[in-house]
Number of protein chains: 2
Amino acid sequence: MTDTIPHWLTKQADLSPDHPAIEMNDGTMVTFNELRESSQRFARKLTYLGIEKGSHVGILSTNQIPMLNAIHALSYLGAVGVLLNTRLTNDELNYQLKDANATFLLTADSLKEQASMLQVEKIHSFSDIDVLPEKKAILETELNLDAIFTIMYTSGTTGFPKGVVHTYGNHWWSAMGSALNLGLDKRDKWLIPLPIFHVSGLSTSIKSVIYGMPIYLLEKFDVKAVHYALMEKGVTIVSVVTMMVQRLLDVLGKASYPKELRCILLGGGPAPKALLERAKEKNVPVFQSYGMTETASQIVTLSPTDALEKLGSAGKALFPAQLKIETQADDSIGEILVKGPMVTKGYYHKQSANEESFQAGWLATGDLGYLDEDGYLYVVDRRKDLIISGGENIYPSEIEGVLSGMKQIKEAGVTGKSDDKWGQVPIAFIVKEMDVTIEEIKEYLQTRLAKYKQPKEFYFVNDLPRNASNKLVRNKLNH
Amino acid sequence: MTDTIPHWLTKQADLSPDHPAIEMNDGTMVTFNELRESSQRFARKLTYLGIEKGSHVGILSTNQIPMLNAIHALSYLGAVGVLLNTRLTNDELNYQLKDANATFLLTADSLKEQASMLQVEKIHSFSDIDVLPEKKAILETELNLDAIFTIMYTSGTTGFPKGVVHTYGNHWWSAMGSALNLGLDKRDKWLIPLPIFHVSGLSTSIKSVIYGMPIYLLEKFDVKAVHYALMEKGVTIVSVVTMMVQRLLDVLGKASYPKELRCILLGGGPAPKALLERAKEKNVPVFQSYGMTETASQIVTLSPTDALEKLGSAGKALFPAQLKIETQADDSIGEILVKGPMVTKGYYHKQSANEESFQAGWLATGDLGYLDEDGYLYVVDRRKDLIISGGENIYPSEIEGVLSGMKQIKEAGVTGKSDDKWGQVPIAFIVKEMDVTIEEIKEYLQTRLAKYKQPKEFYFVNDLPRNASNKLVRNKLNH
C-alpha cells in the first residue's frame, strides 16, 4: 500500500510559518511560509507556461533561492525536475535533457545565454518566469511517496550517464535515516556548500523542509565563506568532501570551532586517515559517511559515539538501511551492496542497467569495501579505480592516504598505468605543501607501503582533477 | 511499492548493542543486545510450541520484560500479537480471543490461573515458556511495513469491541511523527506508566527500539513511583492521562522537576483548563495531545514552542498526518477526521465498520472539535458520550448492551459523572421489565464487565430521554 503524506513544504509552513527556512551569506532570510508562498506563485506561473502534472523540466542553476522555488513548484504541479550539473558541456547537457524527455528548461539568469544553445524547445530564466502572470492551478496537497520527484544523472561505473530517479519516498526515508543517526534538535542549522544539483545539496534542502530546520546556503564552495559561517552563524551540521576538510583545517589553524558545530559530515569517497587524525587532534567533529546519488545521499554513517573509536570507517548502515559485502572466494574485501527505502528504484528507462545493478532489492554499488569484526564498513575504493598489478589489488585511496600523511604533501592522486610486465602499475600526482623531492617521497614510502604498491612514477601538479562535487576524478589524472 | 526495513530490534541491537533498552524500578536494566537475544530465544521456544508465521497469539500481561520479549518474539516469527486488557472479564476476553482467531495465549505468571478459564486451547505462562527447549526457526530479518504486527481491541462508538489492526508501518510512522515534533536526543529516556496492552505503552516501547532510547517501565501506574522516576532517574519524556497529572502535581507540591524532564505528554481526552494552568504556573512541561488506538497513539500534538500560547489546544497534526473538521451547516464545531500512514488500515474483519469509518483514507473519529484561526485543534467532546475513567475509555453503549441482556431489564442508559478521583465514573439509568434490585444487577455485572466499567450508581426510571429519531440522548440522563 502506497503511503501519502501532506505536501512537505505546505505542512512545514503550517507548523512553523515564521521559522527561517533559508539563510544566504548575503544576509537574505526566507521563512517557511515565504518559501511556500513564493514556490506556489512560481508553480502558477509555470502553469501559465504549460507545465503540468507529468512534465519533465530541466533545471540548470547554481545554488540560489529561485532554484529551490523551481524545485518545490514542480512538486506542487506533480511535474518532474531534471537537475543538471552546471559544469557540463552543452553536448553532455543535451544528452541528459533528451534522455530524460525534458521538454522545458529553467535556468539561473546567469546561465541563460549558455542554455539558449541547448536543444530544448522552451527555455526560461528564473527572471523570465518572475514576470509571467499566474494561472490558476490545482496544486498538490499530498505527496505520494512512490511518485517521481527528480531525475539526476550519474556517470556510474560504465561511463554512460544514467538518470537516477528519486521518488518523494527516497528523500523522506533519507531524512528519517539521517535524523535517527544524528538526532533532531530545534537549534539545528545545516550548511550547504555543495551544489543542489547533486544529491547532497538536494537532500539537505529537503531535510530542511521535513525537519523545519534552516539551511545556510552558499552559491558555491568557498573556504572562507564556509569558515565564516561555521565560526559566526550558528551552523550545527555541514556536508563536505575530503578536499574541503583539508582546506578548512588549514584555515582553522590553531583556533577551534564553536561547540554548536556538532557534525561535519564527510562524503564523496574514502578519506585519508592522516586527515581524520588531524581533525581528531583538533577536536573537529568529522563523521565519515558513505553514499551516492542512487542512495539519495548518505546510507552508511559513523555515529557520533563511534567517531573516535572507528576512525577511517564509514560506520554502519542507517536505521532503515541494510548493507552487505559480496566477497569472492576467501577475500574479505568485496563489492558493497546496499538496500533500503532511500535507494532509488532504478535508472530512468535503463532496463538493462537496472537488471545489472539491482538484485532482489539490493543495489550493487560498484564500490569495494569490507566489514570489521564489529560490522563497521571500511570503503576501500571505487571498483573502476582499482589497480590490478601482477594479480595484486591496489587501492589508490590507500596510497593517497599514505602520501598525504607526509607533511610536505598537500594532496595526492593515484591512478593505474598500463605496464607490459605487470598489467598495471600505480603512478602518483602530487600537490606540494612545501618543497619536497621525488627521492624524499620514495624514501618516505619505503617503510610504509609494500613494494608493489609504491608508485612507479611521480608527477608534481598544481591541483588535482575534480568533478562538480569536488570528488577526485582519477581517470583524468595524466601528465 | 511496499517498503521493508531491517527488523527494528535486530537493527538497534546492531547499532547500539550496549545501550540501555529497558530500565525497571527494581533496578533491572536490559540492553538492546540483551533484549534481542532474549526475544530471539523466546521466538525459538515459541517455535517449539508450534507458533509460526501467521499465527494469532493472545498476550495477557501487565507491563514486564517477558511481555516485551513475547511481543518482539512474535514479530521475529511473523506471528500476530493480540494484546489483551488485563482488566477485562473472562467473557470479554473470550470474545476478543475468538474474534481475533487467536489459537494461543501467553500470559504473565500471575495471570495464568485466571487465564486457564479462557476458551483457548493452548495457554502458556511466560515461565512455562522459559523452560521449553529452543527449536530452530527462521527469524524474520526484515519487516514489511504493510504486514500486521498486533491487534488491539477498542469498543468504538457502536459498543461492539473491534480489533484495531496495527501494521509495522503504523508504528514506524507514529515514531517518525513524534520525533519530528519532539526532536530526538541521545539522552532521552521515556517513562511508561501506562499499560503496554494500550497503544500508548506499546507505541513507546516500539519508539524505544527505533530511536535507540531507553524506556523506564513501571508495572502499573503508581504516583509515587512516577514521581520518584521523574525526580531521580533522568526521565526526559513521560506519557500520562489527566488523572495522573493531577496527582503528580499534588505530590510535587512546591518542588520542581529536573530540567531534563522536557515533555509530559498528555493524552486520553480533553484536559481541564484549570489543570493546564496549574501545570504552567509550576513550569511543568505538559503538552496536550490527541490520538486513539486507531492512530497508533498521538496524531495531533501541541509542539513545545506553542505549549504556552495555545493552552487547551491539542495542537496540530503531526508532520506525516492530516486533520480536518467535517462541519454541518454554519457550525464551526464538527467531527474530527484524520489521515496519515500511522492510521490503522482498518478493523480486523469488520467490513461494515471499516466502510463507515474510513472514507478515501480519512478516518472519521467520532470526536468533536474545532480549529482556531491558526489551525490549532480544540477537542470539544471526546466522542460524544465517551466516559473516560482513570485513563480508560468506557463506552456507554457497551455497558447498556450488557445491562439490557439481563431479562429483568427493559432498557438502560449510561452516562458519565464527574469524580474527583477518576475524572469520571459511569452511572446507569434503568427501565425495568420486571422486578429487580440494584444488588441483583451489580451481581449480574460482576462476571460480565471489568470493574472499572461497572456503573457506580443506579437509578430506576420510567423511560429514557430520546430524540426525534428515537435515539438515546445520553446527556439528558439525570436524576
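1. Helices (H or I, at least four residues) and strands (E, at least two) are DSSP runs that are numbered from the N terminus. This is a predicted model, in which local features need pLDDT of at least 70 and side-chain atom pairs count only at pLDDT 80 or more, while totals for chains, interfaces and linings use all residues. Residues are numbered from 1 along each chain as its sequence is written, chains are lettered from A and ligands numbered from 1 in the order in which they are written, and side-chain values use heavy atoms, with hydrogens and water left out.

2. Some backbone angles deserve a look. Most residues other than glycine have a negative phi. A:Ala360, which is not a glycine, has a positive phi of about 50 degrees, and its place is the loop between strand 20 (358–359) and strand 21 (362–371) of chain A. A:Ala360 is exposed, with a relative accessible area of 73%, where buried means under 20% relative accessible area, exposed over 50% and partly exposed in between (1.4 Å probe, protein chains only). In chain B, B:His349 has a positive phi near 35 degrees; this residue lies in the loop between strand 19 (334–339) and helix 12 (351–357) of chain B and is partly exposed at 46% relative accessibility.

3. Chain B contains an open sheet of nine strands in the order 3-2-12-11-13-14-15-16-17, with mixed pairing, two strands being counted as paired if DSSP finds at least two bridges between them. Its edge strands, each of which pairs on one side only, are strand 3 (29–31) and strand 17 (316–317) of chain B.

4. Within that sheet, strand 15 (residues 286–292) of chain B pairs with strand 14 (residues 263–267) of chain B in the parallel sense over three bridges, with B:Ile264 opposite B:Val286 and B:Leu265 the bridge partner of B:Phe287. Strand 15 of chain B also pairs with strand 16 (residues 297–301) of chain B, here in the antiparallel sense over four bridges, and B:Met292 has B:Ser297 as its bridge partner. The hairpin of strands 15 and 16 of chain B has four residues between the strands, and B:Ala296 in this hairpin takes a positive phi near 55 degrees.

5. The structure holds 38 salt bridges over all chains, a salt bridge being a side-chain nitrogen of Lys or Arg within 4 Å of a carboxyl oxygen of Asp or Glu. One of them joins A:Arg278 to A:Asp250, the closest N and O atoms being 2.6 Å apart; A:Arg278 is in helix 11 (residues 273–281) of chain A and A:Asp250 in helix 10 (residues 242–252) of chain A, 28 residues apart. Both are partly exposed, A:Arg278 with a relative accessible area of 30% and A:Asp250 at 37%.

6. B:Glu392 and B:Arg87 also meet in a salt bridge (3.7 Å, N to O). Because B:Glu392 lies in strand 24 (residues 392–394) of chain B and B:Arg87 in the loop between strand 5 (80–84) and helix 4 (90–99) of chain B, the pair ties together parts that are 305 residues apart in sequence. B:Glu392 is buried at 4% relative accessibility, whereas B:Arg87 is partly exposed, with a relative accessible area of 39%.
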